[in-house]
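Colleague: I am new to reading protein structures. Could you take me through one, feature by feature?

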Amino acid sequence: MDTSLKSTLHRRGLRMTPQRQLVLDAVRELGHATPEQICTQVQRAAPAVNITTVYRTLDLLEELRLVRHTHLGHGAPTYSEREHEHVHLVCHHCGAVSEAPTALMDELADRLREREDFELDVTHVALSGRCATCREADLKASEELGEKEAHA
């Protein structure tokens, strides 16, 4: 049992439940996961837990600042531990997600603060683009097309 979760809930007048612990454990085990993926993981240990319970628990855990969510695209948000801080790099072609240090966004965050009086939460950022594998595949396909056209 997570004693920090139990004490945090107790301070708020809330009780520790097995479902809350299972959802937090699933977030920790999965790294980045949608509520549906978290629900599937939780149901391995507790089949009666439903998606509504998972959503409510994730909302509570986020309110308690134990987890955070990020939108990696147009689908459901993904959840991770609060301390799990990085910028997400999402390939809009294959869907691969990689991570980059938040320090890469420092200059942009400073400029936004100075010019727009806006505080950027770099731990909540997902940048969309193309991964190296997809770029290389596109380059190879272009080269092969060029060779076919040259021989035609």
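Modeller: Start with helix axes. An axis is a line fitted to C-alpha atoms, for helices over the stretch in contact, and angles run from 0 to 180 degrees between N-to-C directions. Keep in mind that this is a predicted model.

Colleague: At roughly what angle do the axes of H3 and H4 cross?

Modeller: The angle is roughly 115°, and the axes come within 9 Å. Angles of 65 to 115 degrees count as roughly perpendicular. H3 and H4 are therefore roughly perpendicular to each other. Their crossing is right-handed.

Colleague: Which residues meet there?

Modeller: From H3, Pro35, Glu36, Ile38 and Cys39 meet Ile51, Val54, Tyr55 and Leu58 of H4. Look at Val54: leaving out residues up to four places away in sequence, Val54 touches Val23, Pro35, Ile38, Cys39 and Val49.

Colleague: How do I read a nonpolar core?

Modeller: In soluble globular proteins, nonpolar side chains tend to be buried together. Here the largest nonpolar core has 21 residues. Leu5, Val23, Ile38, Val54, Leu58 and Leu61 have the most contacts inside it. Helices H1, H2, H3 and H4 each give two or more residues to this core. Another core, of five residues, lies apart from it; Met105, Ala109, Val122 and Val125 are among its members.

Colleague: And strands? Which way do the side chains of S1 point?

Modeller: In a regular strand the side chains alternate between the two faces of the sheet. In S1, Val67 and His69 point one way, Arg68 and Thr70 the other. All are buried.

Colleague: In which sense do S1 and S2 pair, parallel or antiparallel?

Modeller: Antiparallel, over four bridges. Arg68 stands opposite Ser80 in S2.

Terms used: Residues are numbered from 1 along each chain as its sequence is written. This is a predicted model: local features need pLDDT of at least 70, side-chain atom pairs count only at pLDDT 80 or more; totals for chains, interfaces and linings use all residues. Side-chain values use heavy atoms; hydrogens and water are left out. Buried means under 20% relative accessible area, exposed over 50%, partly exposed in between (1.4 Å probe, protein chains only). Two strands pair if DSSP finds at least two bridges between them. A nonpolar core is a set of buried Ala, Val, Leu, Ile, Met, Phe, Trp, Tyr and Cys residues joined through side-chain atoms within 4.5 Å. Contact means heavy atoms within 4.5 Å. Angles under 35 degrees count as roughly parallel, over 145 as roughly antiparallel, 65 to 115 as roughly perpendicular and the rest as oblique. A crossing is left-handed if the near helix is turned anticlockwise from the far one by less than a right angle, and right-handed if clockwise.
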